[in-house]
Amino acid sequence: YQTLRTSLLFSRKNRAANTVLITSAGPQEGKSCTTVNVARTLATSGERVIIMDCDLRRPSIHQRLNLSRDTGITNYILSSDGDDWRNYIKDTDQKNLYALTCGPIPPNPADVFGHERFLALLKELRSQFDWVFIDSPPVVSLADSMILASLADMVAFVVRHNENDKDLIRRCVMNVRKINPNVIGAVLNNVDLERSHYKDYYYV
């Protein structure tokens, strides 16, 4: 995760480019775990980091950070005008790391991300935090991740080794690049480094 942190720092074009979408081609590839651990690594170095749980279909950030799912993004979207977004930010067990959980699961999550209150919220978070991490639903067959990709400065994929079809992954990456050309790379997850032919690549 220190290596991933370094890669992020080199990938950002300027300090204002601080919003990172973490996604995957399919489900259960480890994107939420990767999001939390990279965010923790950045927070440890003194950066102010917030994670937005925008997987409004199968949210898990609240579980990984041992927080309540309630009083989150969807609550803020439905709140009255003038309600302060800071009321919905949750502290975590780590200094400099904050979270915005999903709240109640909406009937149509894609509508949330096009809402003017969500766009205004994201703008505020970008200005108040050094890093904004968006945990996204998988790309395959969902409009949610494509909308979120259009709002992020950088997009990173998490790929679970030997779990998904390569053509599917390739198509998903190509589709995201049509929306946001700044796909900075992929995290290959769950690789068995004890197998010799992976060791050769690992140390290159």
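The following legends describe close-up views of a predicted model. Residues are numbered from 1 along each chain as its sequence is written, and side-chain values use heavy atoms, with hydrogens and water left out.

View A. Seven strands form an open sheet of mixed pairing, in the order β3-β4-β2-β5-β1-β6-β7. Strands (E, at least two residues) and helices (H or I, at least four) are DSSP runs, numbered from the N terminus; two strands pair if DSSP finds at least two bridges between them. The edges are formed by β3 (90-91) and β7, each of which pairs on one side only.

**View B. Strand β1 and its two partners.** Strand β1 (residues 19-23) pairs with β5 (residues 131-135) in the parallel sense over four bridges. Four bridges also join β1 to β6, and these strands run parallel. V20 has a bridge partner in each neighbour: F133 in β5 and M154 in β6.

**View C. Strand β6 within the structure.** Six of the seven residues of β6 are buried, so this strand is largely enclosed by the rest of the structure. Buried denotes under 20% relative accessible area, exposed over 50%, and partly exposed in between (1.4 Å probe, protein chains only). Six bridges join β6 to β7 in a parallel arrangement, and V158 stands opposite V187 in β7.

**View D. Helix α6 on the sheet.** Helix α6 (residues 116-128) packs on the sheet and touches β1, β2 (49-53), β4 (97-100) and β5. Contact is defined as heavy atoms within 4.5 Å. The direction of α6 makes about 160 degrees with that of β2; axes are lines fitted to C-alpha atoms, for helices over the stretch in contact, and angles run from 0 to 180 degrees between N-to-C directions.

**View E. The two faces of helix α8.** Helix α8 (residues 166-179) has 14 residues and reaches 20 Å from its first C-alpha to its last, close to the 20 Å expected at 1.5 Å a residue, the expected span being 1.5 Å times one less than the number of residues. L168, I169, C172, V173 and V176 are buried. Seen down the axis of α8, the buried residues fall within an arc of 130 degrees, so they line one face of the helix; the arc is that of the directions from the helix axis to the C-beta atoms. These buried residues pack against α7 (143-151), β6 (154-160) and β7 (183-189). On the other side of α8, K166 and K178 are exposed.

**View F. The aromatic pair F113 and F118.** Rings of Phe, Tyr and Trp (its six-membered ring) pair if their centres lie within 6.5 Å, planes under 30 degrees apart being stacked, over 60 edge-to-face and the rest tilted. By this rule there are four aromatic pairs. The ring centres of F113 and F118 are 5.2 Å apart and their planes lie at 65 degrees, so the pair is edge-to-face. Both residues, F113 and F118, are buried.

**View G. Two asparagines with positive phi.** Most residues other than glycine have a negative phi. N66, in the loop between α3 (61-64) and α4 (73-78), has a positive phi of about 55 degrees and is exposed, with a relative accessible area of 71%. N96, in the loop between β3 and β4, has a positive phi of about 75 degrees and is buried, with a relative accessible area of 16%.

Terms used. This is a predicted model: local features need pLDDT of at least 70, side-chain atom pairs count only at pLDDT 80 or more; totals for chains, interfaces and linings use all residues.
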